[in-house]
Amino acid sequence: MKRRSLFEKKSPFFIFFNLLKKHFFTVPFLVGFNTLTILMLAGISIYAKITNKGDGVERLFSDPFNFWLPYEGILTGISELFWSIPVTICAFTFGVLRQKNHRPSAQSFLFFSALLLGVFFLDDRFRMTLILSGLGVSKKLIYLCYATGILVWGLRFWKFIKTTPYLPLIAAFMLFAFSRLEDIFAAKSQGVHAMLEDGTKLLALINLALYFWHICHQELVGKKQIDIDEI
């Protein structure tokens, strides 16, 4: 038994396995997400092999890039980048504050902000509204649900929001509302329509990203928020 234990310790396989286990199991959910991703990719590969649809798999990973028009979709890509910023930093900051037993109000605000903005990001990135509208669901109903979610979130956390420089946040949601209205009542000119819908959305995302960047930084460095209305 001692010889076997000594062999296991010196064996390159067991050394590598222990190193792998140490690194992968240290990060929460890393093993689970890696396993799920590998199973998903394996399932897609098997399906493509059986149905002879390898070109379909290739399209799943194709680059949205036009060689002759390299600027095509660049502002859409920038918008998606700005969408991911508040979602990521809110989720990350929530995780840090939870470990530090930080004030519950800030934790709840950041958690539900990440959740709300995450839904909007997924909708924008994967065109969920367009897909649902193509299936017969009214855009007005979808936007009404989103507006209700924002209203409930705002009322729930207004006491905390008031202690922050909240004007960029309000401006962002007003611009989002204008963008969605333009999506419903589209202008006749394509250029005007793109500017009013996508341009206002980009401006909203810049305000949103900078607002949450500031809030998360303040919470992480331990600076207490001030009630703006009292200044």
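**Figure 1. A nonpolar surface patch in the predicted model.** F65, F67, W68, L69, Y71, I74, L75 and I78 make a nonpolar surface patch of about 950 Å². The structure shown here and in the other views is a predicted model. One member of the patch, I74, belongs to helix α5, which covers residues 74-99. I74 counts as partly exposed because its relative accessibility is 49%.

**Figure 2. Salt bridge between R125 and E80.** Eight salt bridges are found in a search of the whole structure. In one of them, the side chains of R125 and E80 meet with an N to O distance of 3.5 Å. This pair links distant parts of the chain, with R125 in helix α6 and E80 in helix α5, 45 residues apart. With a relative accessible area of 16%, E80 is buried. R125 has a relative accessibility of 37% and therefore counts as partly exposed.

**Figure 3. Salt bridge between E219 and R103.** The closest N and O atoms of E219 and R103 are 2.6 Å apart, and the two residues form a salt bridge. Distant parts of the chain are linked by this pair: E219 lies in helix α11 and R103 in the loop between α5 and α6, 116 residues apart. Relative accessibility is 2% for E219, which counts as buried. R103 is partly exposed, its relative accessible area being 30%.

**Figure 4. Salt bridge between D124 and K201.** D124 and K201 form a salt bridge in which the closest N and O atoms are 2.8 Å apart. Because D124 is in helix α6 and K201 in helix α11, the pair ties together parts that are 77 residues apart in sequence. D124 counts as buried at 14% relative accessibility. K201 also counts as buried, at 11% relative accessibility.

**Figure 5. Salt-bridge network around E197.** A network of salt bridges links K139, R180, D183 and E197. E197 is placed in helix α11, residues 190-221. Its relative accessibility of 11% is under the 20% cut-off, so E197 counts as buried. When neighbours within four places in sequence are left aside, E197 is in contact with S179, R180, E182 and D183. Of these contacts, R180 and D183 are also members of the network.

**Figure 6. Helix α11 and the residue that follows.** Helix α11 has 32 residues, which at 1.5 Å a residue should span 46 Å. The expected span is 1.5 Å times one less than the number of residues. Just after α11, G222 takes a positive phi of about 85 degrees.

**Figure 7. Helix α3 and N52.** Helix α3 runs over residues 30-51, and its 22 residues should span 32 Å at 1.5 Å a residue. The distance between the end C-alpha atoms of α3 is 32 Å, which agrees. Phi of N52 is positive, at about 60 degrees, although N52 is not a glycine. N52 sits in the loop between α3 and α4, the latter being residues 54-60. At 69% relative accessibility, N52 counts as exposed.

**Figure 8. R127 in the loop between α6 and α7.** R127 is placed in the loop between α6 (104-126) and α7 (128-134). R127 is a residue other than glycine with a positive phi, near 55 degrees. At 33% relative accessibility, R127 counts as partly exposed.

Figure 9. The structure holds zero disulfides. The closest cysteine sulfur to that of C216 belongs to C90 and is 4.4 Å away, too far for a bond. A disulfide would need the two sulfur atoms to be within 2.5 Å. C216 is buried, with 3% relative accessible area. C145 counts as partly exposed, at 48% relative accessibility.

Conventions: Residues are numbered from 1 along each chain as its sequence is written. This is a predicted model: local features need pLDDT of at least 70, side-chain atom pairs count only at pLDDT 80 or more; totals for chains, interfaces and linings use all residues. Side-chain values use heavy atoms; hydrogens and water are left out. Helices (H or I, at least four residues) and strands (E, at least two) are DSSP runs, numbered from the N terminus. Buried means under 20% relative accessible area, exposed over 50%, partly exposed in between (1.4 Å probe, protein chains only). Patches are made of residues with over 30% relative accessible area and no salt bridge: like charges are joined within 9 Å, nonpolar side chains (Val, Leu, Ile, Met, Phe, Trp, Tyr) within 5 Å. Accessible areas come from the Shrake-Rupley method with a 1.4 Å probe; for residues, only the protein chains shown count as cover. A salt bridge is a side-chain nitrogen of Lys or Arg within 4 Å of a carboxyl oxygen of Asp or Glu. Contact means heavy atoms within 4.5 Å.
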